[in-house]
Structures are given as structure tokens and as C-alpha cells.
Amino acid sequence: DSLANQIAAGEVVQRPASVVKELLENSIDAQATQIQLIIKDAGKTLIQVIDDGIGMSETDARMSFERHATSKIKTQEDLFSIMTMGFRGEALASIAAVAQVEMRTRREIDDLGTQIIIEGSELKTQSKINCPKGTSIAVKNLFFNVPARRNFLKSNPVETKHIIDEFQRVALAFPEVAFRMYHNEEEIYNLSKGKLAQRIIGIFGKNYREGLIPCQEETPLLKVKGYIGKPELAKKTRGEQFFFVNNRFIKHAYLHHAVLTCYQDLLPKEHIPFYVIFLEIEPQHIDINVHPTKTEIKFDDEKAIYAILQATVRKALGSVQN
Ligand code: ADP
Ligand code: MG
């Protein structure tokens, strides 16, 4: 059984960054307004997420580590979005199968919270505890019981980069939530809540303040909003291009191309423009036969979306090119 758990965990938990993503998303789902991410050794020894969200009852806290225990499927519509938005009720069970997990959680209405310690799917402690409202989940020594996987982790800089990528994606998608991130006790980000432009500047630096061009469009098929960067913000390295579909980060080479074409002749060779673009589309226009942990997505009418996006970006760029 614990072996089955470990195997299933492989689907969801590939590296420290996968844990970061799942924990941050859970905090968002729990309506947190402040989220802290604390990591040590690139997440290899510690990944902790602390939120001020709704917390859990003692029963729910225990249940949350059961496979397919989700509190989030309530309607037919939710059931549909499972297929587009990822596995449901798998993350905590999977993480607890391959790490030492310490959870503390308390709801506002409860005087005492709950502490649960689980190691390799095995419950070690369950007790009442004094703790702030919200949830803290500490994931220690990831893959401690799967040496082959632990050995396959990349160097600390590489794993840290993956974590920062996940952190940035969530932080960009939820500018109304305050985030902090610490690595080996050092503060990496301190992002107060605000508008998207402030969030972008908080993440990428003050010199982005003058470089952001808003873009916005609304058609019956698609809503587009966000910011593209002035050509000066373009870099030779990738990593500052963000598409979100229905607030979920995706990679999409074809749509990326639509943006690139708008910068033709504006950029030095091989430079890639900055953009943070949110697309909103009815879920029935998204192809659901795409693996839920992947960041790829298919649209049933890619060409129409390409055209709308390109026109939107072109117009935004044109508005500042005189
Ligand atoms: P899912 O998020 O798909 O429901 P998870 O395994 O990620 O599955 O979490 C299981 C359940 O644990 C969630 O449905 C939720 O009820 C609860 N949970 C997890 N993290 C938190 C959190 N930070 N705050 C409150 N509840 C949480
Ligand atoms: Mg989850």
C-alpha cells in the first residue's frame, strides 16, 4: 500500500517545485490573504507554506492526507474543471508518501488547532495544539524513502530556479494576495497585495515600472488582459513570458509566436519580449485530453485565439510606438 502510494506520488511530485506548486495552490483555494513560502537547500530539506486561510477541522486535517480526499468537488461544473485543472485530492497524499510532513491548522471558530505528523504515509502524531488561524504545512526531506528519486534531483541552483518559477506564476496570478519567500533564512520576495502592475514590479524590479504596456481586449470567444513589455525589457534568456488561461499558468509555443510576431523589427536579434498575459475562455473551448500536471493546453480554435491575441498585442505596442 505504501509502495502504491509512492508510485502514485511520482505522478504529482516530481521535484521540490511540484510540492511548492501544490501547497501554494491549496493556500489560494483556502482563501488565504497572506502566504509565506520557506525553503531550505532548494527545498530538499524543507518546503514550508504558511497561510492565513480558512484552516481545517481535526477530521478534515486527518482526511486531507487520504487519496482522493478533496473538499473541492461540489458541482457538475467542478467535475468538469477537474479534467482541465488537474488531479483532485491527490497532492497531500502523494507528498506525504514521499516526505516527512508536519501540518498545523486551525479554523477561526476553533480554540485549538490540530497538529499532524506523517512520514512516508504513516501517521506519527495527531494532537491538539495552539496555533494561529490558517494552515502551515512543512515538508521535510523530500524523497527520504525513495533514494533513487532523491539522487535524481538536480543541483540546488536548478531546483531553486524551478521553485522560483512556480512561486512567480502563483504570485502573478493572485496579486490580491500578499506573498513572502525565504530561502535559507534569506528573504527572496516580499510582495504586498496590490494590482497586477505592482506585482510585476515587486517580482521583477523597479526598472519594469516604466516598461509595462497594458493590453486588453474582449471578444465573445476570448478575454485578454495583462501587460507586455516595451522592447527595452526584452532579454536573450527566456523566463519572463507568462500566459495564464483562466488564471492558470500555461506554456504555449503557438501563442508565444503570436506575441513574438508583433515585436518583429523592434528587438535585437534573439531577444524575447516580456509579457504577462491573462486569457479567459469558456472551459468548453479547451481540449480536456491534456495531462493535468502538464502546463500545456489545447484550444479547439487555436487560430482564432492566435489572431485575437496578435491583434491585441499589436494594438498595445502601436499605442506607444510613435
Ligand atoms: P485538492 O486540493 O485537489 O482538493 P489536496 O491533496 O491538495 O487536494 O488537498 C486535500 C484537501 O486538504 C483539500 O481539498 C482541502 O480541503 C484541504 N487542504 C489542503 N491544504 C489546505 C490549506 N492550506 N488550507 C485549508 N485546507 C487545505
Ligand atoms: Mg490541492
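Trainee: How many of the 322 residues of the protein chain count as buried, as a percentage?

Mentor: Buried residues make up 36% of the 322. The cut-off is 20 or more other C-beta atoms within 10 Å. Keep in mind that this is a predicted model.

Trainee: How many helices and strands does the protein chain have?

Mentor: It has ten helices and 15 strands.

Trainee: Where is the protein chain divided into domains?

Mentor: Domain 1 covers 2–191 and domain 2 covers 209–318. Their C-alpha centres lie 29 Å apart.

Trainee: How do you know that the span of helix H7 agrees with its 18 residues?

Mentor: Helix H7 runs over residues 156–173. At 1.5 Å a residue, it should span 26 Å. The end C-alpha atoms are 26 Å apart, which agrees.

Trainee: Which residues are buried in H7?

Mentor: Among them are Glu 159, Ile 163, Ile 164, Phe 167, Val 170 and Leu 172. H7 lies across strand E1 (34–40), E7 and E8. Its direction makes about 170° with that of E7.

Trainee: In what order do the eight strands of the open sheet stand?

Mentor: The order is E5-E4-E3-E6-E2-E1-E7-E8, with mixed pairing.

Trainee: Why are E5 and strand E8 said to stand at the edges?

Mentor: Each has a single partner strand, so one side of each is left without a neighbour in the sheet. Neighbouring strands here are turned by 10° against each other on average, direction ignored.

Trainee: Why is strand E5 called hardly covered?

Mentor: Count its buried residues. E5 has eight residues (122–129), and the number that are buried is zero.

Trainee: How do E4 and E5 pair, and over how many bridges?

Mentor: Strand E4 (residues 113–119) and E5 are antiparallel and share seven bridges. Glu 119 has Glu 122 as its bridge partner in E5. Two residues separate the strands of this hairpin. Gly 120 sits in the turn, with a positive phi of about 50°.

Trainee: How many bridges join strand E7 to E8?

Mentor: Five, and the strands run antiparallel. E7 covers residues 178–183. Leu 191 in E8 is the bridge partner of Phe 179.

Trainee: Why does Gly 89 count as partly exposed?

Mentor: Gly 89 has 18 C-beta neighbours inside 10 Å. Buried needs 20 or more, exposed needs 12 or fewer. With 18, Gly 89 falls in between, so it counts as partly exposed. It lies in the loop between helix H4 (76–85) and helix H5 (91–97). Gly 89 and His 68 are 21 residues apart in sequence, yet 4.1 Å apart in space, C-alpha to C-alpha.

Trainee: What makes the phi of Gln 31 worth a look?

Mentor: Phi of Gln 31 is near 60°, a positive value in a residue other than glycine. Most residues other than glycine have a negative phi. Gln 31 is in the loop between helix H2 (16–29) and E1.

Trainee: Is Gln 31 buried or exposed?

Mentor: Exposed, with 12 other C-beta atoms within 10 Å. The limit for exposed is 12 or fewer.

Trainee: How many other C-beta atoms lie within 10 Å of Asn 141?

Mentor: There are 15, and Asn 141 is partly exposed. Its phi is also positive, near 50°. Asn 141 is in the loop between strand E6 (134–140) and helix H6 (147–152).

Trainee: In what order do the five strands of the other open sheet stand?

Mentor: The order is E9-E10-E13-E11-E12, again with mixed pairing.

Trainee: What makes strand E9 and strand E12 edge strands?

Mentor: Each pairs on one side only. E9 is 212–218 and E12 is 248–250. The twist averages 20° from one strand to the next.

Trainee: How many bridges pair strand E10 and strand E13?

Mentor: Six, in the antiparallel sense. Lys 223 stands opposite Glu 280 in E13. Helix H8 (residues 196–204) packs on the sheet and touches E9, E10 and E13. The direction of H8 makes about 35° with that of E10.

Terms used. Residues numbered from 1 in each chain as written. Chains lettered and ligands numbered in written order. Predicted model: local features only at pLDDT ≥ 70, side-chain atom pairs only at ≥ 80, totals over all residues. Domains from an automatic or database assignment. Helix = DSSP H or I, 4+ residues; strand = E, 2+ residues; numbered from the N terminus. Expected span 1.5 Å × (residues − 1). Pairing = 2+ DSSP bridges. Axes fitted to C-alpha atoms, helices over the stretch in contact; angles between N-to-C directions. Contact = placed C-beta atoms within 7 Å.
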